[in-house]
Each structure stands twice: as structure tokens, then as C-alpha cells.
Amino acid sequence: MEQLVAAILTMVAGVLVCAAYFWGTNLILDRIFPSKGKFGAVASRNLRIANSIRPWLFLAPALLALTLYLVYPVVQSVWLSLHDRGGQNFVGISNYQWMVNDGEFRQSIFNNFLWLLVVPALSTFFGLIIAALTDRIWWGNIAKTLIFMPMAISFVGAAVIWKFIYDYRAAGTEQIGLLNAIVVAFGGEPQAWITLPFWNNFFLMAILVWIQTGFAMVILSAALRGIPEETIEAAVIDGANGWQIFFKIMVPQIWGTIAVVWTTITILVLKVFDIVLAMTNGQWQSQVLANLMFDWMFRGGGDFGRGASIAVVIMVLVIPIMIWNIRNAAKEAGGR
Amino acid sequence: MNPSTRSPLMWAVHLSVLLLVLLWTMPTAGLLISSLRDKDQLAVSGWWTALATSSRNAVARAPSPESQVERDGKFVISGNVLEGQGGQISAFGFSSREPAKFKPGETAELNDGERLTVQADGSFEIVSDQRMEGSRGQRIFFTASTPPRFTLDNYAEVLSAAGIGRSFLNSLTVAVPSTVIPILIAAFAAYALAWMPFPGRALLLAVVVGLLVVPLQMSLIPLLQLYNGVGAFFGVPAKTYMGIWLAHTGFGLPLAIYLLRNYMAGLPREIMESARVDGASDFEIFVKIVLPLSFPALASFAIFQFLWTWNDLLVALVFLGAGDDELVLTGRLVNLLGSRGGNWEILTASAFITIIVPLIVFFALQRYLVRGLLAGSVKGG
Amino acid sequence: MTGLLLKDIRKSYGAVDVIHGINLDIKQGEFVVFVGPSGCGKSTLLRMIAGLEEITGGDMFIDGERVNDVPPSKRGIAMVFQSYALYPHMTVYDNMAFGMRIARESKEEIDRRVRAAAEMLQLTQYLDRLPKALSGGQRQRVAIGRAICRNPKVFLFDEPLSNLDAALRVATRIEIAKLSERMSDTTMIYVTHDQVEAMTLADRIVVLSAGHIEQVGAPLELYERPANLFVARFIGSPAMNVIPATITAAGAQTTVTLVRGKSVTLDIPTEASENGRKASFGVRPEDLEVTESEDFLFEGTVSIVEALGEVTLLYIEGLVEGEPIIAKMPGIPRVGRGDKVRFTADKAKLHLFDAEGRSYRA
Amino acid sequence: MTGLLLKDIRKSYGAVDVIHGINLDIKQGEFVVFVGPSGCGKSTLLRMIAGLEEITGGDMFIDGERVNDVPPSKRGIAMVFQSYALYPHMTVYDNMAFGMRIARESKEEIDRRVRAAAEMLQLTQYLDRLPKALSGGQRQRVAIGRAICRNPKVFLFDEPLSNLDAALRVATRIEIAKLSERMSDTTMIYVTHDQVEAMTLADRIVVLSAGHIEQVGAPLELYERPANLFVARFIGSPAMNVIPATITAAGAQTTVTLVRGKSVTLDIPTEASENGRKASFGVRPEDLEVTESEDFLFEGTVSIVEALGEVTLLYIEGLVEGEPIIAKMPGIPRVGRGDKVRFTADKAKLHLFDAEGRSYRA
Amino acid sequence: ADLKFKPGEDSKFNWASFEEFKKGHDLKGQTLTIFGPWRGEDEALFKSVYAYFAEATGVEVKYSSSENYEQQIVIDTQAGSPPDVAILPQPGLIADLAAKGLLTPLGDETKQWLLDNYAAGQSWVDLSTYNGKDGQPALYAFPYKIDVKSLVWYVPENFEDAGYEVPKTMEELKALTEQIAEDGEKPWCIGLGSGGATGWPATDWVEDLMLRTQPADVYDKWVKNEIPFTDPAITAALDEFGWFARNDKFVDGGAAAVASTDFRDSPKGLFASPPKCYLHHQASFIPSFFPEGTVVGEDADFFYMPPYESKKELGNPVLGAGTLAMITKDTPAARAFIEFLKTPIAHEVWMAQTSFLTPYKSVNVDVYGNPPLKKQGEILLSATTFRFDGSDLMPGKIGAGAFWTGMVDFVGGKSSADVAAGVQKAWDAIK
Ligand SMILES: Nc1ncnc2c1ncn2[C@@H]1O[C@H](COP(=O)(O)OP(=O)(O)OP(=O)(O)O)[C@@H](O)[C@H]1O
Ligand SMILES: Nc1ncnc2c1ncn2[C@@H]1O[C@H](COP(=O)(O)OP(=O)(O)OP(=O)(O)O)[C@@H](O)[C@H]1O
Ligand SMILES: [Mg+2]
Ligand SMILES: [Mg+2]
């Protein structure tokens, strides 16, 4: 009980402090550069100054948190990547040299590209389809909850779940893996799915797609509901059928959100390692960059230099996505 | 747009959703069923077989000879191999070599002159002329068809674990502010990025997107170092709730800003303009117009942020610690798994226990993903 | 026969009844205009015909077939939305071509029709723009163009010209009239607030009020013989002047006494039982003439003079408290504010309504 | 002095120039109406005055102060948007109260003003509804109410009545006129397509065309003495009939010869140098009169008769190929389709424009 | 605190040592944070041990653990908020922490103590000695709680039913294997699956076989890569393992199933009806994965993985693993805790329960909670050579990476030479 009260108090306090910041700083800004109740040049000058400061007030906590929690570690990573395993001695770019010569690294890059091709596309696609379809049926919310469920299950839980799918038992014995049970039921040979090089990548991807579809679905569902109903009505009148309305009217209107979802999942894929760690730990040629990084960073004491240099590579890979986003933002601003 | 719901295509829609839902829940269903099964069965038969009556080979052990009773000059041990769980015996045996040698009702001659009879209902009798010796009971192999059998033991075990209530509260204490604070901060930032002109806006947005990629693991050490430094400076422990809220806030921000900005940028410009003409400042526009209209985006982000902080273990361990007082629910449950992570039955049950709160949050917030929030606002477009 | 038959059509939003039972028979090729005060249910009715709004009660038939449950795309309609409902992500061209693309028309045919519509609506130079880069009127024209490009059995227009300037409005109105003439099999249903549009375009006008029909008839019929006070006041601008009166002599001709005015004898027969009843006497502003003679209808003081160029409106106070009588004079008469003026009117153009507002002429 | 001064105001969207240099001086308390064809830049200009659109070039002064960089909230304006721009998540009441709440007016004052505006706009029963449950016209009224509730120095109205029915439109128009009278210090800028609105409300009308000003003047001035062909045709409905002509005798009086018509002598002086030049002869439809005499202006065959009740439009073919001459007759004249009719007009009401479209009268 | 066994009550325990320790240490008011690998049941067991420490010293002990303890300890130590005492099962990780200067040396006195008191003392000292930040070797860790890996599990009653005998030599074991196969049954259950750690059970096999075919110093060199992985000594051991694991007739499910069967599932074959296999090589912890209710010593039993008759000179080598305690933050309480671990009672309390073995010579083996545990303890005490799990001693990238993967490839059919070459290549890459 005491803990409960304390918990609630700390929660409320934490949130209030945050809200107070925004409210307070705005108040102060308006006090320093008052415009309400003032007229003429003073008011507009004050307002102009206030308006050029205000965005930064709005952004300040975010920028602070981002700098502290993300930018600073990035700098740290870059610095580490130029040092040896203990992070003490400067070694130049030798970690990077090692990296390009490392077969496992190249394998990871290759696999990561596979992941990048498949997972964002499939998750977004399924998420979109499900969001659109469930919108039109009365039990849509139930369906959505069910499809959202994988998101809510921890990665460890997910790994167990998929073990029950991919599990392999020798031919002739009872299969406890669903996939093999089906294969056997159709007269096939059971396979040790996650040990099949190359293909196992796809079996691992299936897990992430399974999880991330829920994410795509929720975000896209919100976007779909924001589409002006009238445009859909107009299309209905124009004689468009369900498909056409979906692909020609709805999808283009939420294109921005689709791009956001796609980007987010792409970046997530660059970071994904729990699944690989739990299922194969990169064995059977299923290594990916993030897991490789994790490996070097923490396994057996770790080599911070190499771990960090892989992290830097992961971060560099995201640059094209950033450029693409700048373009989009510019285009948007131009259109308005 | 009601009339279109009547089109014959609706069947196709219902069917495809059903199919997708089945596809998506199949793995989870496996987990659910597994969590209700006996742990020993988990490893020997597929979870889907648990739903039907199945034939299985099993071994039972008769009570030890201490329990023998003397009846009509014979020594008898009796019992039931099925232990009252129902089922039908189709064969039995006493040797691992020939586990199905006898039909129910037949009498098997054991090696040492004892006689074993197992009935179809599982009841058995071992009869011997002499007093039976030894401390272990006889093994009885049998083949039985047993009806589905489920147990709540796994859940009971998880729920009765010491400290689970405390951990539950800890998790809530971590998750709620860790959800609300980043939303608050991100919403302001997103508004600035979407609707307030200032130099470097696009670049800043791109940087935010780029920061999405920073691996969590990379940031932990430098951050904790920092915390320790700052904490030491102020004489407070490094691992506090404040610390973990801020950490979750930092890690959640890029996505929050990105999602929210995208949504806010899509709001009709005229509404904002009209508020501006009405004399509202940016702060007022944000609070009174943008925030209410962004509810769908806020809700969807809240769902995810809550979920991540709720399911998170790593950040909690690093920034809050693993002690008994501050352990979060995930940590508590993982600890139940034992050192070698072998207790799947615990894992399956705890997976379902942890899932409940996020699902409630999802259900509660889903209401805010409303349709036609902007309807009636502007004409044109 | 692409006729439309509405049988006791009703609509409620939750507890709010919006349409109270509409019965209407529209023949194929007919041009029907819905008019009525803002919020009376015109758009709702149109949307129900289109199939966009569920019908709460009653039956609707298109071509003799009950369409209550037929989806919009199967009804063979084109519609101009009051709020335009343009596809924001498509250029003007694509907005107009969309319906035809859906119908798998040939590329050339699409191009021909889009360009023709654009030409007609003066949109040619905006074909590559997105809706958000258009002015209000341009958007509205795109919405019209989109409907025109298709070849539906029924056209539904919801205030399609409200944001156009006078010249363009006339031009577009004429184009719509031509369209309706050219496609003589196509039924058109048109909602407007503009008297001129209603009068010039309509074969029949349906006057709606608060969810029910007040009168259906040819334009001139409504103008000359409004069925009730509502229609009388609604058709014609400025509205008909209505003056409380008492019937003093019923018969083949009726004599009424106006408040604070004289007795007037009208060519309208009434039953003897009406004698002494309260009635409303009506005369249109444009039917009033200034007279110097003693045989005037009423006199009053000019409170406002509104010179509109071709015509001038005179607001005359003194008869009914707070409600000036309006007179519409051609040209710019030499009457000033404060002048006392006498008016008379052609006997045939006078109207008389009973206490419930029903016309005695009907 | 809440006057407005626009000095060479320009606006371009990227490469598209929309406003080409507007100079305008609006005095405090003046009621200025912007008219012009769809897409000519009225809304853009209004939005620039409001501060919602950046000014690409030129200077704008309110109250003598340069406001190019002053944000909207500091300009003391209220605006009715062409697209309404209601707050979708607020009830009608809250929509109207929003501005006052921001200005921290007292609760009672807010309530009083909102209810007054709602009363006036016949919105009282909808105060608790969200915008999406309103009809088009109701939404528009909410937008008007929102502006009216505030007490700005400058009112900006962008086609505020386009979705209202005639009666309501008149009523609202009168309310706006009253408002402007009551708040005599408040400057009003009003965009409309409706001639009547422009004529009745405006102190001065600004005629815009393709981003520049064609003429500024009092309503009757524009009607009677249009500065150029554009204004002449734009003001008045149906538009002025324009007939190509050649000046045959310049001087204190000018004689022109119409195509396929007779010679006409007008009371307009021209320079001798104009002799033999091409010109445009103009006469308004409502100025035409049917005549039997030989002293007619021109004759032609009636191709269409549009009876609007109070007036009738005659379309006469035969003079200019493809462009019928329109005549507006009061009442319902006994002229049928196919009749050959002769027309004459008051000399004082004839117009003459040079080859560039400038009026000779100016 | 709740003490599991009341001090002074059961004379089997060495209460004297407890009392003595209690006298020597009074640290009331201090706290000691311990980070360890034990969770679940193990955690409860460990708690029962440190309760005595708390009782004796008055120190408040805070124990924590983590699923990802490797990651956690690295983060905590690097970030400067380490626990006072860390207990880890990975010598490689400890070596790394030591090299980064994050550990406190335990001193010569402790080294001497180990030499004197632990069976095969030198083995333990070697195991606990690492190079510090200065490059100087020092004793950094204290071995506490050992697992014996050289065990083969079986079901005595199944042996009885089939008439098999427990083999005394490797030759007999191989003969038994062949005989079972001839009887039409599968002799072995082998499962290498362990999620991301798949492959590790095979390394135990190989290490056990190494110790039985090569002298201990070869093993040591192998672990340090002083002889290459491709050395015939090592490939021979691999092939020896292959003899068992790559023969479809010898393993349940056939060779193909070996790599993918979860190590937690594979012992269940022993208890199936009919038995899927008769033998299972696994460390002493495995009974927790036996079916519920299985009584070790009766329903299931184990025997020492026998040495080769032909290599008698190698004696009875024992492969094991275990946890080592080290001081990550030098406080009196941490020091005291290490001292506490030197008392017999610190061992006996856990011994008296389950899953704890110790090489401490002066504990009373009668305290062992059950006969099998005692039997294992005896195996440990009678070991002529004790070697720590080699893969744990190798660098993480090898011992928890290339070696595992190599073994998976090996059972998948890759030749021992290729596998060895692959592992060696990986090893070269990190040098
Ligand atoms: N974002 C834009 N990019 C390019 N051109 C634009 C943009 N917005 C408006 N325009 C053009 O600017 C011109 C003026 O638009 P504006 O909205 O001011 O017209 P308007 O006079 O209000 O017309 P209407 O009476 O139809 O509302 C139009 O031709 C329009 O196409
Ligand atoms: N969702 C709704 N819930 C409740 N009432 C509604 C809803 N939508 C519309 N209405 C009401 O229904 C009535 C009819 O609306 P409709 O849009 O048909 O009017 P209209 O005749 O088209 O008016 P206008 O000329 O102003 O466009 C209006 O009074 C409106 O307030
Ligand atoms: Mg409407
Ligand atoms: Mg406009």
C-alpha cells in the first residue's frame, strides 16, 4: 500500500515537473517579451523574438534528452571504435580494417541486407492490409488485439513460441514443431529449419515480421482513420471497388505514414538482435550486424573497439534514410 | 460509408481477416496451450495434440512395497496408473523392452514370481505369494489414450512467487511515467518540427530519424558512467526511478517525435491558421488544437512506449538495479526460470501474465484511434 | 427508364430526425432542383440517393428497382459534393480521369473528355496542379468536372456553383443546361440556393423545409402560385412581402383588410365560412409599383434605398412593425430616404394565404 | 486610425505569380468588397492581409505600421475562411468561444456574445453539436459566428455566404451591414461573388483580375462608369452586352458603326485621332428596351427565353456570331422563341471602350 | 535471518568454523552487494548460504542476478557501479575484467589456502590466476561451487531389463554402445540445441575425450591455443566424439537430430516408454531437466565417464565447471565474504541441500544432501586431474562461438579437419 502511494506520488510528480516546464517557460517567455495587451511595434517585435525562441523552448527537453541519451553515446562509440578492446589505447582505423576482412562481418552485412529487403516490406504490407480490413468488420478490434499480441510478448517469450514452430525431431518420431508436423502430415521430410544456411534467415525474419506487423498495424490504423471519409465516398461514387479505393485513394493519402512505418521498421531491423541471439546466435550463417556487435561488446569480456566499430557501421547505414527524410520534409514544406 | 459494408466482398474480407488472425495467433496459441500443459509433455508431443484425446506411452510406478497389504494369504499392492485422470489403457507391460506386451485384464508374470494385472481403467494389482521386498515400486509401462489434460499449476507457481506484487508495482512505477513523459516532450518537439518555422528544421528531423538507430547497448555504459558521476556529485544513488524514466524517455524520443511530427504535419493547415487569427499563441494552439487532434498518434505511440518499458529488462536492470526492492516484473519472472533458463512452463505462463497489462493498455487506447476526427473542419482538399 | 421513385424516405441521426418522409417521383431525363433553407436536409437527401447515407425508413427505387441496399457504385450516379471531396493526392487531371480509369475507358477517350470538361470549366491551365494549390472556386470546378466527365444515369449536384463568380456561374450554369439537353436521358438532381439557377435549370423544383417537401412544381408555377406561405417567401428574392390581414368579404372575389392599411379585393375565391378569419396577404417586391393615385395598396416611408444598378430596393417602414416592406424598382428611381411613397400592384399578382399559411388559390 | 495601406503587394508560389502588385488604401471603418473571377487572387490577398501568407514583395501597413512581419494574432483581425476551418473537436459553442477564451474574456461576456451571434445566425439549437454533424450552410454560419464574436479591428470575410439559402443570405447580409454600422470603427474586407452583396454592402468595391486591380470605386460608380471592359462585363448580371464597333465620327459626341448593325451616336467625347479605330460598344441587358419604332439599336431573333419570375431573359442571336445578346425584361413579356425583336436603349446608358478595353468615358 | 540449519544443532556440520568466523568479523551496518549467475531455485539455495554470512557479520547482503549476467557485469563494472562481489562461471570473462583492472587481487594468502585446502589445488590456483591490468598474473578469483561434467546418465531399471552392465572403461562403453545398437535400440541421447548457445554440449564431450586421450598439459595448451586446433591430438578427439554422435544407429533420432535437439529435452529420451536411448552424457546439473518426480540414484543414475583401458597412465581425469567469486569493489565486507568462503560451513550448508560440489578437502562429505551428490563429490575428490571446461577458458569468440558452431557443423557432417581449421582460423583472427 505504501509502495503504491509512493509509486503514484513519484509518477505524478515526475509528470507534473515535465508539464510545468513547458507551461512555465512559455509563461516566462511571454513575460519577458510581452505581446498580449501591448500594441504596435513593441508587441510585434516582442512576438517576433518570442516566436524565434519558442521553437527552441519546445524542442529543448527533447534535444537535451536526445543529446544525452543518444548523441553522446554515438560520439562515445565513434571514439571507442578507434581504440583497442579495453577502450584505452588508440589504434586508429585498425578495427575497421579488421572488420572488412572478417568473413563473419561480411556475412552479417549480406544477411542484414536480406533482412532490410524483406522485413520492413512484409511487416508494413501486412500491417496495412490488416489495418484496412479490420476497419470494415465488427470484430475488427478483437482481430487487431490478437494480431497486436505478438508485440506485447517479450522476445524471450517469442523465442519459445517459435521454438514450438520450428522445432525439429528426427524423421519417424513425433514432431513437436508445428511446421515440421505439417510438413510430415503432407508426407514431407522434417527439416531442422533454423539450421539451414541462407534459408534460416527467412525463418528468423518471419518472427520479426510476426512481431512488427502489430506495430505497423496500429500506426497505419490511426492514419487510415484520418483519411477524409468524403474522398472515399467520392471514389465509391466514381465506381471504384474495394481494391481500387484501397490502393488508389487510401494508400496514397497515407503514404507519408507508410513511409514512416517503413523507415521505423527498417531502422529496427538494423538493430535487431534479440531474435537472432535467442534462436541461433548467428550460427548457421545467420549472423546479423547487431548481434555481431553485441557479441564483440559483451561476450567473454568483450572487445569494445570492435563492438563499437560495428555499431558505427550500423549507424552509418542509416544515413541514406536520413537523407531521404530531409528530402521529404523539404518537399512537404514546399507544398505548403 | 455503411452501405459498402453490405457488399458480397465482405465475405472475402471476413475470411481473409480470419485467416490472418489465425496465422498470427497460431504461434501464441501454441504458447497458451503449452502454458496450460504438464511440463513433461511439452517436450514429447506437439501442443496441438493436447487438444485431443491422444494415445501415449507412459510409465507409472507402483507404490513401494511398504504399502502392500496381505489379503487371502497373498500380498497385494494396488493402485491406478492413470491416477484418476481418466483414460483408457490399451496395453501394458513391466519391462522397458516390451512396454506393450499385455492387453488390459491379462496377467503378467513378473520376474520374481509377482503377478501384475492392469485393467482398462488403469487400476492395477500386483499380487505376490511372498512379502515383497525393496524400497522402490514396480515400474508399469502402459499405453493409454488420455483425454486432454490441463493444469493451472504453472500460473499458480508464477503468481505465488515471492515479491511478485512488489515487482508489479515497480513495473508500473517505471512504465507509466516512462510513457507519459516522452509523449509530453515529444509532442512539443514534434509540433515545433511540424508547424513552427525555424532554421535547420529538416536537418534536425533527419537527425532525430537517424538517432532511431543508436543501439541501446551502446549507450548504456557511457550513460551509467555519467549517472554515476552526476549521482556522486549530488550525493544521490545513480540508480533511481528518475534515472530510469529519463533513460526510457531518451530512448523512446526519436520514434515518438518522428511519429507525432508526421501525424501533426498532416493536420489541415487552415485549422491552425484560424486559431492563429483567433489570437492563439503557439502554446495555446498546441495545447488546445493540435494535442486533441493528435490523439490517435499519441495513443498509438503510448501503446508502444508502454509496451516497451513494460517488457524491458535491460534498461531496468542497468538503471534501476536487480535488487529485491527494485526488480521489475520481467526481471522477477526471468529469475523464476532458473539459472539455465530451462523452465519453459514457467516462461510460457509468465509470458501470458506479462502480456495482460499491455493488452489492457492497447484495448483502452484503441478507442482513441477514431475515425473522422477532422471531419467537418475544412471544405475543399 | 431511369426514373427515381422515393417512397416515404426517412433519415435520422440517432435521435435527430432529419428527413421526415419524402415522397417524390422523378422521371428519366428530368432536371429536378432541390431548394430549401440551410440545414433542411437537401444534402442528406442527395447522399441517400447516392447511397452514401443509410436510409432509415422508406424505399427508394431507381429504374423500378429497389436500391435501398444497392451500393453507390452500382447505382450509376455521379455526384458533386458540397465539400468538393477532391482526391488530395491527385492532380486535377487525375481527379477528373479517375472515374473513367476505373471504368476502363480508353486513354484517348479519357483525355478527350477530361480536356473538354477542363476547357469548359476554364481549368485547362491547372490540370497538373494538386487541389491544395487551387483557389476555392477552382476546386469547386474540379469537382464539377469530375462528375461531368463520367457518363452516369443520374447526376447529383450539391450546390455546385456556390464558390464561382457571377460570370463563371452563368457560363457553367449554361453548360450544365446544355449538358442536360444533350444527355436527355440523364436525370439530374441539383441542390442550389441560387434562385436564378433553380428557375433557369429546373424542369421541376422541389422546395424542402425541415425535412419534408413543401411543394413540387415547375419554376414559374412555384413563383406564380406558391402552395403556401413558406414557398411564397422562399421563392423570389427579396422575399414576398407578407402583411397580416383579415378576410372581410369571402366569395368569388375576396376582400381583405390589411393591418394599418386599406381594404383590397383579390381575384381569389374563398368559401363564405372564411369570413372574418385571419389571413396573410402577399405581394412580391417586384410586383409593387409606385403610384401617385389614390388607388394605392399601402403607403409608407422609405427607410433604406439599396441601389443595385439595374434595380433598386426600397425598404418601406410603417406597415408591419419591425418588418419593412420591400419594393424592387427597375433602374434607379428618384426616391430618397425618408420619402413617403404609395404603392400599388397588379391584382392578378396578389397572394392570399390562410392562417395555416396555405394558399387560397390552390 | 485602423486604416490599411497596401503598397505594391506581390505574391508568388514558387514560379507562379499570383498577385502582381496591388496598391490599395483602405480607411478605418470602410467596408471594402473584393470581387473578381475565381482564382484571381482574392483569397490570397485576404490571407496576406491576415498575415497567413508570406508577402513576397511590397509593404503592408495597418494603422500606419508596417506589418509584413507581424504575426496574425497581433494584427487585430478576425477572419471567415472560405473553407470554414472549424475546429473539428470543439462544439459550435466552443468554436465560437475559442477566440474570446484566448483573449481571457469573462465567462459571462463570452456566453453573451456567443449566444447573440448564434441567435443572429440561427444556430442556437446547434450550439452543442460538433462541426461534422452540421450541414454545409450551418458550418459556414459557425465560421461567421466565430469571427463576429470577437472584436477585431479588421474583419476579413472570404465568401461567407456562399452556402446559405437566399433568405438566410439576405438576413445575414443585413446583419453584417448592421454590424459594420454598429462598429463604425471596424474595417471590413469582404470577398464575394454575389453582385447583390457587393453592391449593398460595399463602401467601395475592388475589382480584381488575375492578380491586379482593375478598378476601385463605389458600387454605383462601377456599375455606371466601368473603367474598362473587364469591369463592365464583370459588374452586373447578366453581363453587359459587348458589340464590336468602329468609330466613324469622333468628337464631342461619337458615332460608331456596329457590326452587322446600325450606326449609333453616343454622348461620349472622343479625340479626333480615334476616328476609324476599332472599339467595343456596350449596353447592359437591363438597359435594353423592346421597341417597334425604326429608331432601334439593333434587331435579332430570340433564341432562348428564360423566365425567372420577376424578370425574363431574352437571348438574341444574329448580331455577333456565337455570342447572343441578352436582354433583361421586367416581368414576363409576351415574346416567344423565334420572334424577331428590335431593341433600343437610353443614350446615357451606353458604353464605349477602346481597343484595349479602356472606357472612353473615363 | 532464517538459517536453514540451526548452528550447533547437527553435528555433521563444522559449526566450529562458523563460530570462529563470527568472532573474527563484526561488520554491523555494512552492506554487501553480490552479483551472481544464480536465479530461481539456485538463488534460494545461495541465499541460504549467505544468510550465515549475514548472521555472522551483521552485514546486510543484497544479492542480484540477471539473465544476461555477462552483459550486466560488463556494464556495471565499466560504468563504475559494480557490485562488491561478483560470482561468475566464465573464466574468460573474469580474465577480461582482470585485464581491465576491474578486479581486486585476493593475495598470496588465499592462493596458499587454495593449494592447501582444495583437492588438485594447483589446478584451482591456475584457474583463478589471471593477468591484471599491469600484465602481472595474480590470483583474482575464488572457486566456489563446482559442477562435474564427466558423467554419463542412465536408467538403472532399463539396464536391468535389458541386462546391461555399467561400463568401467571407455572400451566397454563403446562395446555397450555397439551392443545396444545391435539390440535394435538407440544407445545415446545427444542434444546440442541451446538456442543461441547451440553446440556447447558437444564441446563437453570433446573436452572429456581430450582429457582421456591426451595428457593434461596438452589440454592446457589446446585451451590456450599453444597447439593449434588442427593438431591431430584434437582432431582425434573430435573424431572420437564423431564415433558416438555421427552414427545414425548410435543416437536417438539419428545424427541429423543431434544438432537441433535441445539439450534440455534430450535426457527425456531415457525415460520414455519404450526408452529412446540408454545413455546420456551431461554435467551434474541435468537432473533438473528430468521428468518431474525422478529420483536420482533410483529412477536415474550416473557413472563416471570412464577412461580408456589403453591409456591407464592418464588416471582419472575429471572435467568440470564452476563459479568463481571475485571482489569487484574492495570493501571490508567483500574481503570478509571471501574469508567466509574459506570456512567449511560455507560449503556444507549448500552441500547439505542440492546441486553443490566442492573440492574442499576438509568438509565433511557426509553432509551431502543425497547419495548421488556424495558420489559426485567423491568423483571430484578422487580426481587425479581436474580441468575446467575448456570452452569456458577459451576466448569468448572461440569458446562461446567458433567452437560451438564448429561442433554443430561437425555433427552435421563436416570433417574434423575442416572444423578444426575453421576454429583455428577464427582464433587467429582475434589474436
Ligand atoms: N499553393 C499554390 N501554388 C500555386 N498556385 C496557387 C497555390 N494556391 C493558390 N494558387 C493559385 O493562386 C490563384 C489565386 O488563388 P486564390 O485562392 O486567391 O483565388 P480566389 O480569388 O480566392 O478564387 P476563388 O474565388 O475561386 O476562391 C489561383 O489561380 C490558384 O490556382
Ligand atoms: N451526423 C449528424 N448528426 C446529427 N445531425 C446531423 C448530422 N449531419 C447532419 N445533420 C443535420 O441534418 C440536417 C440536414 O443536413 P443537410 O446537410 O442535409 O442540410 P442541407 O439542406 O444540405 O443544408 P445546407 O444548405 O446548409 O448544406 C442539418 O440540420 C444538420 O444539422
Ligand atoms: Mg448541404
Ligand atoms: Mg478564394
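**View 1. The interface of chain E and chain B.** Chain E and chain B bury about 3500 Å² between them, with carbon and sulfur atoms giving 47% of it; buried area here is the accessible area (1.4 Å probe) that two parts lose on being put together, summed over both. This is a predicted model, in which local features need pLDDT of at least 70 and side-chain atom pairs count only at pLDDT 80 or more, while totals for chains, interfaces and linings use all residues. Residues are numbered from 1 along each chain as its sequence is written, chains are lettered from A and ligands numbered from 1 in the order in which they are written, and side-chain values use heavy atoms, with hydrogens and water left out. On the chain E side, 47 residues are in contact with 39 residues of chain B (contact means heavy atoms within 4.5 Å).

**View 2. A salt bridge between D161(E) and R139(B).** Here D161(E) meets R139(B), and their closest N and O atoms are 3.1 Å apart. Four salt bridges are counted between chain E and chain B, each being a side-chain nitrogen of Lys or Arg within 4 Å of a carboxyl oxygen of Asp or Glu.

**View 3. The side of chain E that touches chain B.** Elements giving two or more residues to this side are α2 (41–57), β2 (60–65), α3 (69–79) and α7 (156–162) of chain E; helices (H or I, at least four residues) and strands (E, at least two) are DSSP runs, numbered from the N terminus. The most comes from α3(E), with seven residues. By class, the residues of this side are 17 nonpolar, 12 polar and 18 charged. Ala, Val, Leu, Ile, Met, Phe, Trp, Tyr, Cys and Pro count as nonpolar, Asp, Glu, Lys and Arg as charged, and the others, Gly among them, as polar.

**View 4. An aromatic pair in chain C, F157(C) with Y190(C).** The ring centres of F157(C) and Y190(C) are 5.5 Å apart with planes at 45°, so the pair is tilted. Rings of Phe, Tyr and Trp (its six-membered ring) pair if their centres lie within 6.5 Å; planes under 30 degrees apart count as stacked, over 60 as edge-to-face and the rest as tilted. F157(C) belongs to strand β7 (residues 154–158) and Y190(C) to strand β8 (residues 187–191), so distant parts of the chain, 33 residues apart, are linked. Both F157(C) and Y190(C) are buried (under 20% relative accessible area; exposed is over 50%, partly exposed in between; 1.4 Å probe, protein chains only).

**View 5. F337(E) and F340(E) in helix α13 of chain E.** These two residues sit three residues apart, about one turn of the helix (residues 332–341). F337(E) and F340(E) are both buried. Ring pairs join them into a cluster whose members include W38(E), Y63(E) and W350(E).
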